[in-house]
Amino acid sequence: MNAEMILFFIFGAVSLIGAISVISFRHPIYSALSLIVTFFSQAGLFVLLGAHFVAAVQVIVYAGAIMVLFLFVIMLLNLGTLSAKGVLTGKLKGIAIVLAILFAAEGIYIAVNALKGDTAVASAQAATEPITTEYIGELLFSKYLLPFEVTSLILLAALIGVIVLVKRENTTEN
């Protein structure tokens with residue numbers, strides 16, 4: 001077993017432990033910090049794959065900017081321990097089911113189009129054209145615009161969800 005294989009198993013294990021910790025901690029700060037650990041271990045896996053640019057983006061954008069934003073919102077709203085008991089009732093449960101179906105459809109759409117995207121990258125490599133950040137940017141804002149926009153909507157929905165949970169807790173405490 002070589003060093004690359006050992007690092008793969010270490011980064012993979014840390015990533016799995018971090019991901020499980022994100023959903024198992026009840027305190028949102030601990031969950032956010034576990035997510036940062038998961039992002040860094042994913043960046044390590046990208047480095048092992050030779051995707052240094054993606055690893056740098058993973059650290060700078062996700063572990064840096066997005067998690068700072070999440071931590072800022074969590075601390076700004078002074079969130080304590082969240083309880084999920086009774087959150088999805090009535091209309092909210094129906095909305096959650098509809099959104100789950102839409103996200104599943106989006107996942108299928110992305111998976112089907114990912115094969116087409118791989119052939120575009122393979123054809124660019126076969127033509128000995130270098131794959132640059134400009135090429136990746138053009139793909140991101142043309143072919144993969146829908147998944148990019150849906151990701152931003154998911155982040156917005158998560159922030160709105162946090163605010164709704166805090167407002168609900170504040171009204172019951174008063």
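## Helix H3

Helix H3 covers residues 52-76, which is 25 residues. At 1.5 Å a residue it should span 36 Å, and its end C-alpha atoms lie 34 Å apart, so the two values agree. The expected span is 1.5 Å times one less than the number of residues. Helices here are DSSP runs (H or I, at least four residues), numbered from the N terminus.

H3 bends by about 30 degrees at Met 67. The bend is the angle between axes fitted to the seven residues ending there and the seven starting there. Met 67 is also one of the buried residues of H3, and so are Ile 66 and Phe 70. Buried means under 20% relative accessible area, exposed over 50%, partly exposed in between (1.4 Å probe, protein chains only).

## About the model

This is a predicted model: local features need pLDDT of at least 70, side-chain atom pairs count only at pLDDT 80 or more, and totals for chains, interfaces and linings use all residues. Residues are numbered from 1 along each chain as its sequence is written, and side-chain values use heavy atoms, with hydrogens and water left out.

## Ser 34 in helix H2

Ser 34 sits in helix H2, residues 28-48. Ser 34 is buried, with a relative accessible area of 9%. Leaving out residues up to four places away in sequence, Ser 34 touches Gly 18, Ser 21, Val 22 and Phe 25. A contact means heavy atoms within 4.5 Å.

## Ile 10 in helix H1

Ile 10 belongs to helix H1. Ile 10 is partly exposed, with a relative accessible area of 44%.

Terms used:
Helix = DSSP H or I, 4+ residues; strand = E, 2+ residues; numbered from the N terminus.
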